[in-house]
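Please look over the sequence and the 3D structure shown here, and keep both in view while you read the report that follows.

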Amino acid sequence: MADVSEKIEKKKNCIFCQIAAKEKESTIVYEDNNVIVFPDIRPAAKHHYLVIPKLHLGNPKSLCGKDIGLVEHLITIGKQVLQDKNADKEDSRFGFHWPPFNSVQHLHLHVISPVSEMGFIARHVYKPGSWWFVTASWLLDFLRKQTDLQKDESRDAVNETKQKGSSSL
């Protein structure tokens, strides 16, 4: 994954870009050259963090196969933060709100623990498999399938070109 510390592209009105650029105050729980982690302002559980890339990326639906490494990095950092905070990693949820059900158009991974202590409304807002919330593992599978389909389409196009080329000889 490329280091974005030298060049952080941001959107002027994006609150998460402002937090990443330290223009808006937030409690930073973790930071490296590519991501920053801070608590959710409306926590669903004792430990509820947002892991965001410093580089502005829209939402999970805008990602493609080349972003798999980034999503994996967000997950790794989320797990590390839970461990550092002595949170229960086994009773946790990692996921993304799926458009149009996301309120901030900047990619952000929700890291929530303990899930067993989430209230009634939070259980529905962060419900895996719903139209509005997908788990991090679901997103990775989705991106891998997209990549596989693109490879298949590319192979088909090459084979079609080869067939056309050999039939004209």
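## The largest pocket

Lining the largest pocket are 26 residues, and those nearest its centre are Asp 40, Ile 41, Arg 42, Leu 50 and Ser 103. On a 1 Å grid over the protein atoms alone, a pocket is an open set of points with protein on both sides within 12 Å along at least five of seven lines, and lining residues have an atom within 4 Å of a point. This is a predicted model, in which local features need pLDDT of at least 70 and side-chain atom pairs count only at pLDDT 80 or more, while totals for chains, interfaces and linings use all residues. Residues are numbered from 1 along each chain as its sequence is written, and side-chain values use heavy atoms, with hydrogens and water left out.

The space in the largest pocket comes to about 490 Å³, a volume being the space filled by probe spheres (1.4 Å) set on the grid points. At least two lining residues come from each of α1 (15-20), β2 (35-39) and α3 (120-125), where helices (H or I, at least four residues) and strands (E, at least two) are DSSP runs numbered from the N terminus. Sorted by class, the lining holds 15 nonpolar, 7 polar and 4 charged residues; here Ala, Val, Leu, Ile, Met, Phe, Trp, Tyr, Cys and Pro count as nonpolar, Asp, Glu, Lys and Arg as charged, and the others, Gly among them, as polar.

## Aromatic rings

Across the whole structure, a search finds 6 aromatic pairs, meaning rings of Phe, Tyr and Trp (its six-membered ring) whose centres lie within 6.5 Å, with planes under 30 degrees apart counted as stacked, over 60 as edge-to-face and the rest as tilted. One of them joins Trp 98 and Trp 138 edge-to-face, at 5.3 Å centre to centre and with 85 degrees between the planes. Because Trp 98 lies in the loop between β4 (93-97) and β5 (109-113), and Trp 138 in helix α4 (residues 136-167), this pair ties together parts that are 40 residues apart in sequence.

Trp 138 also forms a stacked pair with Phe 142, at 5.1 Å centre to centre and 15 degrees between the planes, and these two residues, 4 apart in helix α4, are separated by about one helical turn.

How many of the residues of β4 are buried? The count is 5 of the 5, so β4 is largely enclosed by the rest of the structure. Arg 93, Gly 95 and His 97 are buried on one side, and Phe 94 and Phe 96 on the other.

β4 pairs with β5 in the antiparallel sense over 3 bridges, where pairing requires that DSSP finds at least two bridges between two strands, and Phe 94 stands opposite Val 111 in β5. β4 also pairs with β6 in the antiparallel sense over 3 bridges, and there Gly 95 has Thr 135 as its bridge partner. Phe 133, which lies in strand β6 (residues 133-135), is buried at 0% relative accessibility.

Conventions. Buried < 20%, exposed > 50% of the residue type's maximum accessible area, 1.4 Å probe, protein only.
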